Amino acid sequence: VAVAMASLSVLFEEGVLEATHGCLIGKQSPPCVGLVIGKREVGARDFVLALVPFPEAWNDEDDGEVAGRPVCKNIKPPAASGAAVVLNREMLLEHVTQVTRMLCGGLSVVGVYCFASDASFKSASPALTRVAIEAKEDCVRLDESHTTKRGVDVEQLIIHLSAENVRKVSVKRARRSVLAHAPAPVEVGFGKVMDSFVAATTSYKCELELVIDSTAVTKKKTIRQYARQVLEHEAARIEKSVVLLENELWHDDTPVSAVPKSNQCVNAEDKDFNVNSGVNDSPFSLRAEFLVPGAALPVDDEVKKTPDGNRTGDVESGNTDVVTVILFGTLTCSAYAYGREPVSRLVDDLKRDVVRSLRARLELLCDECDADASGAHVLSDDARVGATSTSSTSAKNKIELNLPRRAFAGWTKGLKICDYLLAGETEVDVKQRCSEVWGLTVVVGDVVVAEGKGVGNRGFAGDAKPKIQKEKQTPKEKESDSDSGMRKNLESSPSYVTYVLGAAGAAMLSLGLAGLAMTQNPECVGETCAALAGG
């Protein structure tokens, strides 16, 4: 089992702890728990940026437990009276999941806090510690599902806010490997942490293809399993990507604060949106660009290839039980780093945010499909079967969808949290979810939808009616369309051409020539490019 290095101290954002603790005592609140948001292992310290209360509305839905006994939560005496802490394990785990989904890269749930009397906290501490560790392990398991990392002994902070004295706060650290022992106390400090934060944003274009055998979905695989498979393949590509900051490649050990802001955007699209635009105290923002290796279509067990290279569901095979679902999207992603952190960590956090964002969109799409009892959803079993049953053996069925869009909302000191919009949802829905999950009051005008609604006649995630294209193309037409699409991509993506050049391209980047542009006339510009092309 790999053991993460323990941080020596915890640095709180100035005013965060005092504001929450003072408010709870002033209102004579009942015992409560919440989540600690921060950044782990920045040098020898953990950073705590905010405390997020457990949703009050969720407390009224179900009864919890005190020492294993059912408890009714209608009566809520103040914590200072020695009232017991009520823990609802399932709802607390769900809260961690929802909050994590709405965080940008580089930030995470680093622990839990509990407002209670000393005696009540002592009784609830073992159960609270176990839930905190379980929640963190679930998040780590998802983040590392596409990597070779396994078995990290995660740490969580356990913070006790005394209901009897506003100046009495204890901060301890717990791991699963030492649950049998009392959590270890840590040194605590305070400072203006977020003043030294740097943000990095990027736009990641993706086109995911799910080749679904309709006859096998209900028997062997669900749409969620197909989505998980394609996510793993795309995550592997993202993990292998080279990332440019401000159009340059930087050494891994370079401090983030040493990367200068370029006056020139990476591409024209980046001028349209900046996660931190319009906020006076926003973190210093850098633009990033992903140089992604070529896509490799996953071959499913139920949809294999024939000896001539075609999948069994293609036109040539005559199998009409296969529907190809193509998911399009330009993912706007962001990550936060402390100014002294190395570039390599910022890049890793940005990659993790791209994967998280893609996973969240696919999960929302699958949830919508599962929740549609009528079977009219574009990806439901009935819709897919209906799409194939009406087709002829010479037609290829294709469903095109735009992924759910990402929106950003102002959070604290210029930092943002995010949410996702399905079909028909607006900024008002984002405001409501921020209020429910975070206890955060957001003005609709402060919500920025980072991505457009899609182009063409593609469907949108959440649409009830499937948009199915039936087309018959000759091999020559297919080859022509493929060549045309490739030329268009190459003309509009100079960095990808540089990446394809391999070692020579890397040399160009290191020399500061990554800004070479390809014009609409697909000819290289400059002697260096001509030499590399063999001219």
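Author: The protein has a mean pLDDT of 74, and 63% of its residues reach 70 or more, where pLDDT is the predictor's confidence in each residue, from 0 to 100. This is a predicted model, in which local features need pLDDT of at least 70 and side-chain atom pairs count only at pLDDT 80 or more, while totals for chains, interfaces and linings use all residues. Residues are numbered from 1 along each chain as its sequence is written, and side-chain values use heavy atoms, with hydrogens and water left out.

Reader: Where does pLDDT stay under 50?

Author: One such stretch is residues 312-317, for which the model has 17 contacts beyond four places in sequence, a contact meaning heavy atoms within 4.5 Å. Another is residues 380-395, with 41 contacts beyond four places in sequence. Where pLDDT is low, the predicted coordinates should not be read in detail.

Reader: OK, and the overall make-up: how many helices and strands?

Author: The secondary structure comes to 13 helices and 22 strands; helices (H or I, at least four residues) and strands (E, at least two) are DSSP runs, numbered from the N terminus. Buried residues make up 48% of the 535 residues, where buried means under 20% relative accessible area, exposed means over 50%, and partly exposed is in between (1.4 Å probe, protein chains only). Among contacts between residues at least 6 apart in sequence, 76% join residues at least 24 apart.

Reader: Let's go to H1. Which of its residues are buried?

Author: In helix H1, residues 16-26, the buried ones are Val-16, Leu-17, Thr-20, His-21 and Leu-24. They cover an arc of only 110° around the axis, which puts them on the same side of H1; the arc is that of the directions from the helix axis to the C-beta atoms. The face turned away from that buried side carries the exposed residues Ala-19 and Gly-26.

Reader: What happens just after H1?

Author: Gln-28 takes a positive phi of about 50° there, and it is a residue other than glycine. Gln-28 sits in the loop between H1 and strand E3 (32-42), and it counts as exposed because its relative accessibility is 61%.

Reader: And Asn-247, buried or exposed?

Author: Asn-247 is buried, with a relative accessible area of 18%. It lies in the loop between E14 and E15 and has a positive phi of about 70° although it is not a glycine.

Reader: Switching to helix packing, how do the axes of H6 and H7 cross?

Author: The axes of H6 (residues 223-239) and H7 (residues 343-371) come within 10 Å and cross at roughly 170°, so the two helices are roughly antiparallel to each other. The contact includes Ile-223, Ala-227 and Leu-231 of H6 and Val-354, Leu-358 and Leu-362 of H7.

Reader: Last one, where does Asp-253 lie?

Author: Asp-253 is in the loop between strand E14 (242-245) and strand E15 (284-291), and it counts as exposed at 60% relative accessibility.

Methods. Axes are lines fitted to C-alpha atoms, for helices over the stretch in contact, and angles run from 0 to 180 degrees between N-to-C directions. Angles under 35 degrees count as roughly parallel, over 145 as roughly antiparallel, 65 to 115 as roughly perpendicular and the rest as oblique.
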